[in-house]
Amino acid sequence: MPGSLSISVRQCRVCGTRLAADNQSGLCSPCQHQSGASAAPEVPGDFWDAEPLRRALADRHMGQVVRAYRQHPFHRAEFGRRGIPQSNVGDWLVLTQAQVSRMESGSPPRNLDTLIHIARALRIPPDRLWFTLPQDQPAASETRHLPRRDGHPDPAVRASQEAWRTVRRRLNADRAAPAEAAIQLYEPALRIESTALLAPPAWLAPEPVPLERVALQWDPSPVAPILDGTAHEGLATRPLRLPDQRFDRYTLAVRYLDSPTLFENRPSYRLTGVHWGGNGTGELRFSLSTYFDKLDLCEAIGHEFATAAEIGSDRPRWGQLALRRAVGDPFDLHIRPMIPAITTLLLRRRADGNATFFLHWRDPGRVATAGGLYDAIPAGEFQPSSVLAQPDGPDFDLWRNIVRELNEELLGAPEFDGSAGQPLDYERWALYRALQRGRETGAVRTYCFGVGCDALTLATTIPSALVIDDGVFDELFGDIALHNAEGVTVAALSEQQSATGIPFTERNITRFLRTEPLAPPGAACLALAWKHRRLLLAP
């Protein structure tokens, strides 16, 4: 993580990448995958005689088996008295920490493939199980951690996949420089406050609009997009899967060749209309899509640009960018599915009218997009909390999405990721109720700046700001989780004595906009918040 920021972190002993607080292995996720250290350890035979494990196996509850396994006294010497962190087990199972948590505390998994996968990953002896393991497949620990360069016997396929992986990892290691190069493809007037986030005039509100004055409308009959992840123009961004056959979609290549910790397809809202009124109101229209519909095009567009830059041109030209040319106008809502994230700058307003702000460093080993960059916090995809995504349901709300991200990123809580069977009951959620009371009294205020597209990937975002008065902030977020499933919360600069936020000053704004690797959506939020600071921080 660049810069001299006041965060206590440890570094990977192989590559130097900073490690999450709960990482006990001394290796980052990519190095674990290369070394095989992310496989479950060998355990003695009497390990499985421990009473919590015997009981969980007898109850046929694989989630409780996972918990008993993690907390077994055998692991204390290496991992401490709490046992193995959920995030480590998640690496072995190719699950997020949140998914492991829900599996442990929820109803027992029933899917046989899931049960077999977990049993193999944890090396559970077959005679302890209530189901039969197939004998014709090797254990997960024997296959998943083989060096990836040996993944395919055909040399042409192997070379194609290695070349693709090299570009992908380089792109994730440094997106700031390619973003600055990609912005040169577009008219300067489209840049939001000189950042690498693009927007036509019609997509930006004249001034920040209170979130409660932004109406969301459901589009029952959206026009099918012209381009999707299978577009012929994107073929060169997808490596060979077999001789003479490429991966059908970019996300399939990511999943099988270079999957980060967090990589799941989820229901997501698709933007189909944008309108800002002259009276401080706005209207956004949406239909339903999926997260991978976004990645299949946006990550491929970024990959295409990085590939062109790598083969000899620091600033690729349109002739080298077939997929980007096929998109054409990046603001045409009918060309491609635009699935926006909501990126929010959190401002802590003090009684004297000054403020501090918070950022998030996104760990490239854990996230699929914007890895290695700072971004505003909270930020996340506009998605339902449940697979039961109803047009007029409780999740179809910008504010509620922001609260869910606050809960995850500032408090370190498991993510409401869209896999639940029932929508979240917001009115029974203490954090949501407390923030709602703050909105009613004016101690919590939210604003929307408009809609924009990242110049590098053309990913869409809704930039916004959340202002919370000091007292309410201390009450709700006094104990900020500096580490979460996606990276590290930046709550102070190195010269500060306490982690109460980065001072919201021109000097600090300029520093992050000009000298730090800041994701375009976060940069736009920071620049727009500074531009409109008098409105945002007014008493």
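A salt bridge is a side-chain nitrogen of Lys or Arg within 4 Å of a carboxyl oxygen of Asp or Glu. With that rule in hand, here's a pair to look for: glutamate 299 forms a salt bridge with arginine 168, and their closest N and O atoms are 2.6 Å apart. What you're looking at is a predicted model, where local features need pLDDT of at least 70, side-chain atom pairs count only at pLDDT 80 or more, and totals for chains, interfaces and linings use all residues. Residues are numbered from 1 along each chain as its sequence is written, and side-chain values use heavy atoms, with hydrogens and water left out.

**Salt bridges**

- Searching the whole structure turns up 22 salt bridges.
- Glutamate 299 and arginine 168 are both buried. Buried means under 20% relative accessible area, exposed means over 50%, and partly exposed is in between (1.4 Å probe, protein chains only).
- Arginine 191 forms a salt bridge with glutamate 180, with 3.7 Å between the closest N and O atoms. Arginine 191 is in the loop between helix 10 (176-182) and strand 3 (197-198), while glutamate 180 is in helix 10, so the pair ties together parts 11 residues apart in sequence.
- Arginine 191 is partly exposed, at 23% relative accessible area, and glutamate 180 also counts as partly exposed, at 40%.
- Arginine 348 forms a salt bridge with aspartate 470, and here the closest N and O atoms are 2.5 Å apart. This pair links distant parts of the chain, with arginine 348 in strand 10 (residues 341-349) and aspartate 470 in helix 16 (residues 470-477), 122 residues apart.
- Salt bridges with shared partners join Arg348, Arg350, Asp470 and Asp474 into one network. Arginine 348 counts as buried, with a relative accessibility of 6%.

**Around serine 385**

- You'll find serine 385 in the loop between strand 14 (379-381) and helix 14 (398-409). Serine 385 counts as buried, because its relative accessibility is 3%.
- Its side chain makes a polar contact with the side chain of aspartate 395, at 2.9 Å. (A polar contact is a pair of N or O atoms within 3.5 Å; within protein, one must be able to donate a hydrogen and the other to accept it, and residues adjacent in sequence count only if both atoms are side-chain atoms.)
- A polar atom of the serine 385 side chain also lies 3.2 Å from the backbone nitrogen of leucine 424.

**Cysteines**

- A disulfide is a covalent bond between the sulfur atoms of two cysteines. The cut-off used here is a pair of cysteine sulfur atoms within 2.5 Å, and by this rule the count is 0 disulfides.
- Cysteine 448 is in no disulfide, and the nearest cysteine sulfur, that of cysteine 525, is 9.3 Å away. Cysteine 448 counts as buried, at 0% relative accessibility.
- Cysteine 453 is in no disulfide either; the nearest cysteine sulfur belongs to cysteine 298, 7.8 Å away. Cysteine 453 is buried, with a relative accessible area of 0%.

How values were computed: Helix = DSSP H or I, 4+ residues; strand = E, 2+ residues; numbered from the N terminus.
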